[in-house]
Amino acid sequence: MRRVRPGVAAARGSTGESASASPRTGGPASARATGQAPSRAPGEERALTSVAAGERYLAQEGAESKAGQPVDVPRLWHVTLSVSGGEAPLPEVRRALEQLAHDHPFLLTSRYAGDHAEIRYWEEARDLHDAAAVALRLWGEHRQTAGLPPWEIVGLEVIDRQTYHQRIAEGYGPAPATPVGVHPY
């Protein structure tokens, strides 16, 4: 299986440059020669380029595949996101969290008060970094659509599924998310 960064669609080894030179800029080659970036017309998008994988990467990818381990298989991560800020009316906070739960179907449970909230959910991601990145964007990206208060993220915990279940079995860590839904503290 080949590793590809999320959002990258360019093929390996592609340069992203067209064969024709732009009459306005003298083309990509002349811009490289002078050390200046070629100028673009307003609204014209910049072509993405990719770099071929080095020998070290290819050797690592081959070793992982030969070891029989799946490469880049998404895993489940338990996320606890804590937010806090100025006082907001409780009915508005509840309505906003219910809308967030509707927009983000993997949301397990939310607890809230007038000045803070905690959101717990499962995220499917390749690794902890990806899961944390999604979690850190969640509140800001849904602030407008769900009508969330203008609070800031004050805490984040991301643990893998095995660690979550181990904590539950040992009697510590977050309690199982029951009942599911939006609840006051």
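A residue is called buried under 20% relative accessible area, exposed over 50%, and partly exposed in between, using a 1.4 Å probe and protein chains only. Residues are numbered from 1 along each chain as its sequence is written, and side-chain values use heavy atoms, with hydrogens and water left out.

So how confident is the predictor? On pLDDT (its confidence in each residue, from 0 to 100), the chain has a mean of 74, and 57% of its residues reach 70 or more. Where pLDDT is low, the predicted coordinates should not be read in detail.

Now for the core. A nonpolar core is a set of buried Ala, Val, Leu, Ile, Met, Phe, Trp, Tyr and Cys residues joined through side-chain atoms within 4.5 Å. The largest one has 25 residues, and Leu-97, Ile-119 and Trp-139 are among those with the most contacts inside it. Helix 3 (90–103) and helix 4 (128–146) are among the elements that give two or more residues to it, and helix 4 supplies the largest share, six residues. Look at Trp-139: its contacts include Leu-81, Leu-97, Ile-119 and Trp-151.

Helix 3 buries Val-93, Ala-96, Leu-97 and Leu-100. They sit on the same side of helix 3, because they cover an arc of only 95 degrees around the axis (taken from the directions from the helix axis to the C-beta atoms). On the other side, Pro-91 and His-102 are exposed.

Finally, the charged pairs. The whole structure has six salt bridges, each a side-chain nitrogen of Lys or Arg within 4 Å of a carboxyl oxygen of Asp or Glu. Glu-98 pairs with Arg-94, closest N and O atoms 3.0 Å apart, and both lie in helix 3, four residues apart. Arg-126 joins Asp-130 at 3.1 Å. Arg-167 and Glu-157 meet at 2.8 Å, N to O; Arg-167 lies in helix 5 (residues 161–170) and Glu-157 in strand 4, so the pair ties together parts 10 residues apart in sequence.

Note on methods
Predicted model: local features only at pLDDT ≥ 70, side-chain atom pairs only at ≥ 80, totals over all residues. Contact = heavy atoms within 4.5 Å. pLDDT = per-residue confidence, 0-100. Lists of a residue's contacts leave out its neighbours within four places in sequence.
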